[in-house]
Amino acid sequence: MTSTPGLSRRSFVQLGAGMIAGVALVTLAGCTFDAPAGTAGAAGTKTSLKEAPMLTKLVKEGKLPELAKRLPAKPAVAASFGGTALYGGTLKRGQLDAGDRGVMQAFATASFVEWDEDNRKPVPSLAEKFESNDDMSEFTMTLRSGLKWSDGEPYTADDVLFVMQNWLGNKTMMPSAPYWFSSADKSVPQAEKVSDTVIKISFTSPTPLWPKYLSNPSVGGQFVKPLHYLRQFHPDFTDQGTVDAQAKAAGFDSWDKYFADRDNTWTNPDVPVMGAYRVITSASSASGTADLERNPYYYKTDADGRQLPFVDRLQVQILAQEALDLRAANGDLDFQAQFLGYNTTQVYLQNAEKNGFHVDRWTPAGSLLSLCPNLSHKDPEIRELFSKKEFRGALSQAINREAINKSLLGGLGVVMQPVAPKGDEYYSDGIGKNFLEFDADAANSALDELGLTEKDSNGVRLMNSGKPLDFVLLYVDATTEIARTDAYSMVVKDLANVGIKLTLKPADSTLYTQSRTTNDYDIDGTTVPQTKFDLEPVWYVPTGGNSHSAPAFGQWYASAGESGEQPSADVQKLLDSWDALRTATSDDARVKAGKAIMKQHSDECYMIGILALPFVPVVINNDLLNVRDDKPELAFVLGRERVTKPEQLAFATGE
Amino acid sequence: MIRFIGARILYVIPTLFAISLISYFIIQLPPGDFLTSQIASLEQQGQTLDPAYVDALRQRYGIGEPFWVQYGKWMGGILFEGDLGQSFEYGRPVTALIAERLPLTLILGVTTLIFTWVIALTAGVYSAVKQRSFADYAISTVGFIALAIPNFLAALLLAYAGFTLFGASIGGLFSPEYANAPWSWGKVIDLMNHLWIPVLVIGLAGTAGIIRVTRANLLDELPKPYVVTARAKGLPEGKIIRKYPLRIALNPFISTAGWHLPSLFDGEVIVAQVLALGTTGPLLLGALKSQDMYLAGGIILIIAVLTVIGTLMSDILLAVVDPRVRFGKA
């Protein structure tokens, strides 16, 4: 909401609560509270506006071309989650880190394609047409004609080529091709300009996942960079000496770091953008507050041809977790899902009515707390043990999930194993049910059958070598979701009942990452995402040394056998399915391979799921319209709040 | 006097060298490096980075170089070019990041220091003069409570009280509408509205020490014969205390006054973090957490230099006000 300095919305409300009676109050209350009846007449004319009044003013002053000249020939039409809306207002948010670009991904991404309303398949966005050849190794993209950057310069195929050849193809800035823009042989694809709006991209192998990668805002947004602005910082376009001198003058020790700095839309207010908002003041300034303003050339409209976004400005403040929670409870945050803690929901609910907001419940993605035994363990005996399905199954069956659920989430949590959930394209009937029921007897007899019958004086089972079954659970402690130490402590007791000793080791996130990537841990404790695993396969298939289940095997796969260790037959099967998936020549073949991976996980129980959150809280100002109410998924690969297409959000009161 | 100052300045150089070496070493101690923490934080935000790609970056940024080489480059930059290096996290020069936050940090630091001194000295003198009175006990109790409550907790409690009782917006030194606005009267008033919480929390916590020291020293002096003599001569009580025992009792206060110099600069890290103040404190904490070596190293080095300079200033001040120190007799 807009607040005029000196008179906040809060004092407006208090004012309205009954201190002053009179004409002023009537008008005030009329437009603030009784919107449907009171403002029908006024709103009728305002909702027919095609552009924001603040832009109309600039057009009249001659500082901006008229709307028709700013929009592309065929503007993209944004999905709508509500009715007609007014232009104006400032949407306030908070976040924990100054460097976190989540807001840009959620509110201001522009990409060739984006997720459709159901978040299932990519639909054209900056592109008007996005087609592939039969085996999905060649993509032809037609940009909308008349697209413009936020400074009014045209957006053309040259900008796209610039990204693909001079940025992704530059060895200094991209020492190795990123997974989201490389063929199976790790080469960078060829990009070719067919006309000013048509680009052809050729991979050396089928790449069915590319359109999906592009739809992920954190990836797709990186393909959009302004050549006309950035060319002055790139040695392919400007003399190397000049480029180096500029970098040095700005305090950077090499030109590519300065280029990255100039290219950062979240911290550099000068770089032109294609998204709905551009940064005016960066969050790393001393005020710790970022201001964003609408992009007058934004390429989307609503169904009536009204240019989006509706909301004029965004304001994002950097806050500590406690301050952010209190701000949310105080009604100071207009629309926020990320960074809110599940355990603080009660505080939000208690203050919601009083402070003019409501709390929605969205679907969590990746809140499933799990145990991941290290399948590529350094100790051959432990590796042997962890590679046995019966052993992993016994671990899983020994855990009394309902008891954990009752004591930590009041029974509201969802008990499941980490596989694709119902509704995901890689889900098939019957997966995810193995070893889920609590059955200590079955676990005990399974362990006995594995020959782990000897016990030491503490009742801990012994391996053949005489070493006890004593494992360390490595995890990063966190309390904003399911309190990890509490949950894992209950697992420790459950496992002790079947003769397995588990020691908890909460670690700093850096130490945690370091131990994992050097294959130096027994069991990893983490939350596992379940939907759209193909966008981040490392969770289910050890594709890299950062795998949670088998880092040494992942390193082998990523380095093509140069480092790491050769995967076991089991894991090789997963990797083969993954290779089949990412080079599939049809959607059917791709989905089949993905289902095979999920089926294998379900059968083998590589990761042991415990409990997932029932929902994530979302705080929404009562004045904010058009937030979707069908409990969408709050997922990183969907751009989090982006699922509700923030460009079409609007304030009931407008300005 | 000049010899005294010269000798003190000579001590400063090896001290600073040792501090810079140790602080750089300590920052390097935790496992991993900036890129590992970067991967870790991206993972917490839900993103996975390709490890092969990270390895390539590590080589390019020279993060894997031996300690001495890194330290040499860093010190060389500082001594010869006044360049504190680049922050990895912000991708900006460290000097620019610090300079941006300096004005607010100084406003907070100076206000807090004045607040502390005014309250503490008055209270200390008063409780010594009125020893064992109700006021004396009350002052001591309040001082100890303020000292005993962890600052961040007090800050949270006050913030929560502000939220429930006054509906104040929590965090930051400005309301959202003023955060990036140019300076105006409204903004100054808005700053005052937010400044009192950190000033009260940090300031009160600092009073207890000074109150106790001032009180104890003054109590030592008050029964001495020269005070009795002055009183016998008929000097007014206020004048006696101000002119003689207080001046002696102030020695420990002056000898520690310089120590406040660094605290003006770092602005109480934890309180600033909890209240989301745009001072250098949260910058330092964030840099330490993400192993942003040059940023953390730069801030710590400045704090160290200020501590040493502060101590030097105290030494000199003490020598100026107390001749016994100047001649090495006390």
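Good morning. The model is predicted: local features need pLDDT of at least 70, side-chain atom pairs count only at pLDDT 80 or more, and totals for chains, interfaces and linings use all residues. Residues are numbered from 1 along each chain as its sequence is written, and chains are lettered from A and ligands numbered from 1 in the order in which they are written.

I begin with the chain as a whole. The C-alpha atoms of chain A fill a box of roughly 85 × 65 × 50 Å along the principal axes. Of the 655 residues, 51% count as buried. Buried means that 20 or more other C-beta atoms, placed from the backbone, lie within 10 Å of a residue's own; exposed means 12 or fewer, and partly exposed lies in between. The secondary structure comes to 24 helices and 23 strands, which are DSSP runs numbered from the N terminus, with at least four residues of H or I for a helix and at least two of E for a strand.

Next, the domains. Chain A is divided into domain 1 (50-103 + 275-363 + 617-651), domain 2 (110-226) and domain 3 (368-611), with bounds from an automatic or database domain assignment. The centres of domain 1 and domain 2 of chain A, over C-alpha atoms, are separated by 26 Å. Between these domains, 17 residues of domain 1 are in contact with 17 residues of domain 2, contact meaning C-beta atoms, placed from the backbone, within 7 Å.

I turn to two sheets. In chain A, an open sheet of 4 strands has the order 5-6-8-7 with antiparallel pairing, where two strands pair if DSSP finds at least two bridges between them. Its edge strands are strand 5 (127-132) and strand 7 (190-193) of chain A. Strand 6 (residues 138-143) and strand 8 (residues 198-202) of chain A are joined by 5 bridges; A:Phe139 has A:Ile201 as its bridge partner in strand 8. Helix 8 (residues 157-167) of chain A lies across strands 6, 7 and 8, at about 160 degrees to strand 7. Such angles run from 0 to 180 degrees between N-to-C directions, with axes fitted to C-alpha atoms, for helices over the stretch in contact.

The other open sheet of chain A has 4 strands in the order 13-20-14-22, and its pairing is mixed. Strand 13 (335-336) and strand 22 (633-634) of chain A are its edge strands. Strand 13 runs antiparallel to strand 20 (residues 616-621) of chain A, with 2 bridges, and A:Phe335 is partnered there by A:Ile620. Helix 15 (residues 345-352) of chain A packs on this sheet, touching strand 14 (357-364) and strand 20.

Not counting residues up to four places away in sequence, A:Phe259 touches A:Met173, A:Leu230, A:Phe233 and A:His234. In helix 17 (residues 389-397) of chain A, the buried residues include A:Phe391, A:Arg392 and A:Leu395. The buried residues of helix 17 pack against elements of chain A including strand 15 (368-373), helix 16 (380-386) and helix 20 (484-497).

Notes:
Contact = placed C-beta atoms within 7 Å.
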